[in-house]
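Here are my notes on this model, point by point. Please read them with the structure open.

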Amino acid sequence: MGEPKKSIADLKIGEKGIVCCFNDEEMSLKLLEMGCLPGCMVELSNKAPLGDPICIKVSGYNLSLRLEEAATVMLR
């Protein structure tokens, strides 16, 4: 398995990825509590008009994240 190459912030609308790890320990606790678990499929569903925040589908619900938060979730 290679290194993760992109984060949720890099996804285009409709694109999916599988959560593999986090690059910010403090933020990872918040995101884990919100359902962004390793191995979980996420899909970028919407972006605000200026691109921040974004909305992802994860674990059967929609979750809004700031780009700064989304950039800490690495995908495979």
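1. Surface. The protein exposes about 4800 Å². Carbon and sulfur atoms supply 53% of that area. Accessible areas come from the Shrake-Rupley method with a 1.4 Å probe, and for residues only the protein chains shown count as cover.

2. Ground rules. This is a predicted model, in which local features need pLDDT of at least 70 and side-chain atom pairs count only at pLDDT 80 or more, while totals for chains, interfaces and linings use all residues. Residues are numbered from 1 along each chain as its sequence is written, and side-chain values use heavy atoms, with hydrogens and water left out.

3. Fold order. The protein has two helices and six strands. From the N terminus they run β-β-α-β-β-β-α-β. Both kinds of element are DSSP runs, numbered from the N terminus: helices are H or I with at least four residues, strands are E with at least two.

4. Overall dimensions. The radius of gyration is 11 Å, which agrees with the value near 11 Å for a compact globule of 76 residues. That radius is taken over C-alpha atoms, and the globule rule is 2.2 Å times the number of residues to the power 0.38. Along the principal axes, the C-alpha atoms fill a box of roughly 35 × 25 × 25 Å.

5. Of the 76 residues, 36% count as buried. Buried means under 20% relative accessible area, exposed over 50%, and partly exposed in between (1.4 Å probe, protein chains only). Among contacts with a separation of 6 or more, 55% join residues 24 or more positions apart. A contact means heavy atoms within 4.5 Å.

6. Charge. There are 9 positive and 11 negative side chains. The centres of the two sets lie 10 Å apart. Lys and Arg count as positive, Asp and Glu as negative; His and the chain ends are not counted. Each charge is placed at NZ of Lys, CZ of Arg, CG of Asp or CD of Glu.

7. Core. Which residues touch the most other members of the largest nonpolar core? They are Ile 8, Val 42, Ile 54, Ile 56, Val 58 and Leu 65, in a core of 17 residues. Helix H1 (25-33), E3, E4, E5 and strand E6 (73-75) each supply at least two residues of this core. E4 gives the most, with three. A nonpolar core is a set of buried Ala, Val, Leu, Ile, Met, Phe, Trp, Tyr and Cys residues joined through side-chain atoms within 4.5 Å.

8. Val 42. Leaving out residues up to four places away in sequence, Val 42 touches a list of residues including Ile 8, Leu 11, Val 19, Ile 56, Val 58 and Leu 75. Glu 15 and Lys 16 are also among them.

9. Backbone points to check. The peptide bond from Asp 52 to Pro 53 is cis, with omega near 10°. Pro 53 sits in the loop between strand E3 (41-47) and strand E4 (54-58). Ser 59 has a positive phi, near 50°, in a residue other than glycine. Ser 59 lies in the loop between E4 and strand E5 (61-65). It is partly exposed because its relative accessible area is 45%.

10. Two strand serines. Is Ser 45 buried or exposed? Ser 45, in strand E3, is at 14% relative accessibility, so it counts as buried. Beyond four places in sequence, Ser 45 touches Ile 13, Cys 55, Ile 56, Lys 57 and Asn 62. Ser 64 lies in strand E5 and counts as exposed, because its relative accessibility is 52%.
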